[in-house]
Amino acid sequence: MCCKSKRRFLLLYATQKGQAKAIAEEIWQQAGAHGLEADMHCISEMDKYNLETEKDPVVIVISTTGTGDPPDTARKFVKKIQDKTLPPDHFAHLQYGLLGLGDSEYMFFCNGGRTVDRRLQELGAQHFYDTGLADDCVGLELVVDPWIDGLWLALKEALQLQEEKESMNSAVDAVSSSISTGPHAVHELKLSSEVQNLKLEDEGTRASGILSQKLDDINLVAPARDTEPSLVHSVPPVSQSALNIPALPPEYIEVEFQDTQGENPHLSSLISEGATFEAPVTKAVQLTREDAVKTVLLLELDIADTAFEYQPGDAFCVMCPNNVSEVEELLHILGLSEKGDDFVCVKVKQGTKKKGASRPQHIPERSTLKFILTWCLEIRAIPKKAFLRALVECTSDAGEKRRLQELCSRQGASDYTRFIRDSSVCLLDLLHAFPSCKPSLSLLIEHLPKLQARSYSVSSSNLYQPGRLHFVFNVVEFPASPSRPVSRKGVCTGWLAELVTPLLHPRKNSLDTKGQSSSTEKISIFPRPNNAFHLPADPSVPFIMVGPGTGISPFIGFLQHRQKLREQHTDWEFGETWLFFGCRHQDRDYLFKQVHYLRSTLDDLQCFLKNGTLTHLKVCFSRDSSTAEVAPPKYVQDALRLCAKEVARVLLKERGYFYVCGDKKHMADDVSDAVVDILSMEMEADKLEAMKILATLREAKRYLLDVWS
């Protein structure tokens, strides 16, 4: 039973990578200072709450994953509320506020939250507080912080209305009528400058643990010549401001070193997605020249002895370790270099003030220290403000302490965005920049998120090459910057590139069987099927593929599959196929142009074109100069516009499919704009009408995306 002095509300979170949970925990921590008690649960724990009978206000924090899906933890909940037999007044008693998390780099921004919000409304639930949609592209805190600030007043008003309703049994009808519109009329909050200017009362601010740190409390003298801010240095007004600092997150993890020996857990125990498979890396080839801007590798995995299944267009995940040298460096800074191979026991700290504290699922109860830092924690993660707040307490130098406080404060929000978020600063960078900061191992386990498996598009067809799986990737490079003094490779792509070095031959473009090895290097993978990004079920339907750079990857699988179907079913009718491909230079990074790889015959775009599997190939090179009287197209969207009539014919008259794969920020949106222009021009309609048609194509799963930022 809740204490009468603290009024209850239900707090649900649905998280994929931990951000929604962290925000929910922040709400839970602040609730007590406002005389409220949050009954917090993961939305998947449907045995611990019941929305059908819930009388108190409900707060939901939900993220979005993939290309607009609810997080895995919300799938059962979403399936339950989408039951079409539910009546329209099913949740008429429910009052809720929802905070959605997303990334506007992706087309279906905050679609996980929008899906739940829309369905709850359809079932009669009412907002007591306006929905907030936070954008990870510009910084979640720009919406999250003011949304939480305004939440408390809205909750209190909703609870007050609820109490009035309960005490007026003699006028149920009248009160019910007022309640139906009350929450909106009383508190229609818009996330605008008005919300951001909301100030908590001094008493509430102190009670919530948000500190006001005055400059004269810190003995900090900045050199007069430093007029530009940096990761380690601030300038006015931040350097002269009193700071609103988040409450210190309660400690809840305890780590004990053990003398006993044993074995580390199997990697499959670290994931909740289902079975993992160990697949040998049998072949590798570099598809780009040495002087290309990006290095592109193609790997082949042997899945013949596994139960792994896939379709062309599917994705799969690779479980990868953190960089060995970075793990060693972190151990050195923590003063634990000699204990990396020691076994540790991780458990919940006795007497912790953290509600519902439990050992993170991705952390084994018992393993070596090095195993945790290598396979369990995302040590490259951009530190959240709560982590920075905790690091303040581990920092001895006054100047460094003040700067960390600034970076996690409300006043230092722009500095946090510029020098940490946008600069992709990680824990190691912070520990180098603030050398007096000496965090404990338990603090790292509390604040570093789970090391996520990396997703890749399949670039092959199991029908074409049974028992084999191909995938293509750029070896990601992060150049050095003022906030990050060392360059780094991508966690997974850097590891894979190093792993397959013995398989790579100096003559990268003529491997045939030379890219093979008796090496038994294996990687752990698990499937991530794509529900829609597949070939049309009817082979007579034409389709268009747009895939610049490594975006071509799934389309090689499409073409392999189509070629095999053509060989097996000579009496079938096959629709035309279009491929729009782009790269920087024709002679450096034209992927799959004419490459001897992995098979004894030519298996490339020219081969597909010659045998009729691919009927139209349009290629453009953005960095090559041309002496032609009419300049050739530089980008795939330019090539699409040159084929406007054919594109419109395939989409409108022949009801074909349109696939886009590749970079979201620099390509997919431009392709979408080009298609809108084409539809507008060929139909002689305005852009709004063309946009509606494109939306219809998306709804019909005939305009399909596999994009990343």
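Start with two helices. In α1, select I23, E26, I27, Q30 and A31; these meet V144, W147, I148, L151 and W152 in α4. Sort the residues of this contact by type: eight are nonpolar, one is polar and one is charged.

Keep both helices on screen. Helix α1 covers residues 19–31 and helix α4 covers residues 141–167. Their axes come within 11 Å and cross at roughly 35°. The crossing of α1 and α4 is right-handed.

Now colour by confidence. This is a predicted model, and the protein averages a pLDDT of 87. Of the residues, 87% score at least 70.

Which element of the protein has the highest mean pLDDT, and which has the lowest? Select strand β21, residues 543–546: with a mean of 98, it is the highest. Then select helix α6, residues 193–196: its mean of 34 is the lowest.

Next, select residues 174–225. The pLDDT is below 50 over this stretch. Beyond near neighbours in sequence, residues 174–225 have 83 contacts in the model. Move on to residues 506–515. Here too the pLDDT is below 50, and the stretch has 21 contacts beyond near neighbours in sequence.

Last stop: D429. Find this residue in helix α13, which spans residues 427–433. Is D429 buried or exposed? D429 has a relative accessible area of 3%, so it counts as buried; the cut-off for buried is under 20%. Show its partners next. Leaving out residues up to four places away in sequence, D429 touches S424, S483, R484, P485 and R488.

Definitions and conventions:
Residues numbered from 1 in each chain as written. Predicted model: local features only at pLDDT ≥ 70, side-chain atom pairs only at ≥ 80, totals over all residues. Heavy atoms only, no water. Helix = DSSP H or I, 4+ residues; strand = E, 2+ residues; numbered from the N terminus. Buried < 20%, exposed > 50% of the residue type's maximum accessible area, 1.4 Å probe, protein only. Contact = heavy atoms within 4.5 Å. pLDDT = per-residue confidence, 0-100. Axes fitted to C-alpha atoms, helices over the stretch in contact; angles between N-to-C directions. Left-handed = near helix turned anticlockwise from the far one by under 90°. Nonpolar A, V, L, I, M, F, W, Y, C, P; charged D, E, K, R; others polar.
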